[in-house]
Amino acid sequence: SMKNSLFEKYKTSEVTNTRRVICTPGQFTRDHFFYIQEAGYLKSLQPHLSKRSGLKSYLFMIVLSGSGTVSYKDASPAKTTAVSAMAGDCFFLDCSKEYTHISSENDPWELLWIHFYGVQADGYYQYFANRSDWHFRTSHYTELVSSIQTILQLHENRNDDTDLLTAREITNILTLLCTQTTDKTSG
């Protein structure tokens, strides 16, 4: 089902390394907190096109190394914009709109990402989108990487506090994204 493959399963032959956590939070968490649906790290060996749309989710993705292409139907009337992604690039996408991503063949990328949602997510995204482009570079790179790594650790060792601690990290990520002067890299 969609729920199990927001980012898409990569075959072992396509990745050298991958960490992936999938989360199905309880009703209370979904009603009140930010929560991840999926988070992960991957290093590609070969291009693998992932195409998604119509998801009640937001995707935040950081390219750690390598390069690739990300396309997103962000404008209305919906036109698709494709951009080249390289190390240090960040993407923040509303997954109800169509997007695709694919690693380059000769310079495969390494990614960290979170798919998340929550009652306040739409508001934060709107705030972000009014100030920044969906493709950008950030002065908060190290902190953002660290927050996603923390989320992965929290879900690899789940306990009673995992949902709350994850919500804190997502709030931290959103705050960093919304309070910086981003360098627009496209548009």
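Author: Two strands are said to pair if DSSP finds at least two bridges between them. In this predicted model, strand E2 (residues 35-44) and strand E9 (residues 110-117) are joined by 8 bridges, and within that pairing Leu-42 stands opposite Leu-111 in E9.

Reader: In which sense do E2 and strand E1 (residues 15-22) run, and what makes them a pair?

Author: E1 and E2 are antiparallel and share 7 bridges; since a pair needs at least two bridges, E1 and E2 qualify as paired strands. Arg-20 stands opposite Gly-40 in E2. The strands E2 and E9 likewise run antiparallel.

Reader: Why is E2 described as largely enclosed by the rest of the structure?

Author: Of the 10 residues of E2, 9 are buried, and so the strand is described as largely enclosed by the rest of the structure. A residue is called buried when its relative accessible area is under 20%.

Reader: How do you know whether Ser-50 is buried or exposed?

Author: Ser-50, which lies in strand E3 (residues 50-52), has a relative accessible area of 0%; buried means under 20%, and therefore Ser-50 counts as buried. Leaving aside neighbours within four places in sequence, Ser-50 is in contact with Phe-7, Glu-8, Tyr-99, Thr-100 and His-101.

Reader: What makes strand E7 (residues 89-94) a mostly covered strand?

Author: For E7, 6 of its 6 residues are buried. In a regular strand the side chains alternate between the two faces of the sheet. In E7, Asp-89, Phe-91 and Leu-93 point one way while Cys-90, Phe-92 and Asp-94 point the other way, and all are buried.

Reader: Which strands pair with E7, and in what sense?

Author: Strand E4 (residues 58-65) pairs with E7 in the antiparallel sense over 5 bridges, with Leu-59 opposite Leu-93. Strand E10 (residues 135-137) pairs with E7 over 3 bridges, again in the antiparallel sense, and there Asp-89 stands opposite Arg-137.

Reader: Why are helices H3 and H4 called roughly antiparallel?

Author: The axes of H3 (residues 141-156) and H4 (residues 162-178) come within 10 Å and cross at roughly 165°; angles over 145 degrees count as roughly antiparallel, and H3 and H4 are therefore described that way. Their crossing is left-handed. Among the residues making the contact are Leu-144, Ile-148 and Ile-151 of H3 and Leu-165, Ile-170 and Ile-173 of H4. By class, this contact has 9 nonpolar, 6 polar and 2 charged residues.

Technical notes
Residues numbered from 1 in each chain as written. Predicted model: local features only at pLDDT ≥ 70, side-chain atom pairs only at ≥ 80, totals over all residues. Heavy atoms only, no water. Axes fitted to C-alpha atoms, helices over the stretch in contact; angles between N-to-C directions. Helix = DSSP H or I, 4+ residues; strand = E, 2+ residues; numbered from the N terminus. Parallel < 35°, antiparallel > 145°, perpendicular 65-115°, else oblique. Left-handed = near helix turned anticlockwise from the far one by under 90°. Contact = heavy atoms within 4.5 Å. Nonpolar A, V, L, I, M, F, W, Y, C, P; charged D, E, K, R; others polar. Buried < 20%, exposed > 50% of the residue type's maximum accessible area, 1.4 Å probe, protein only.
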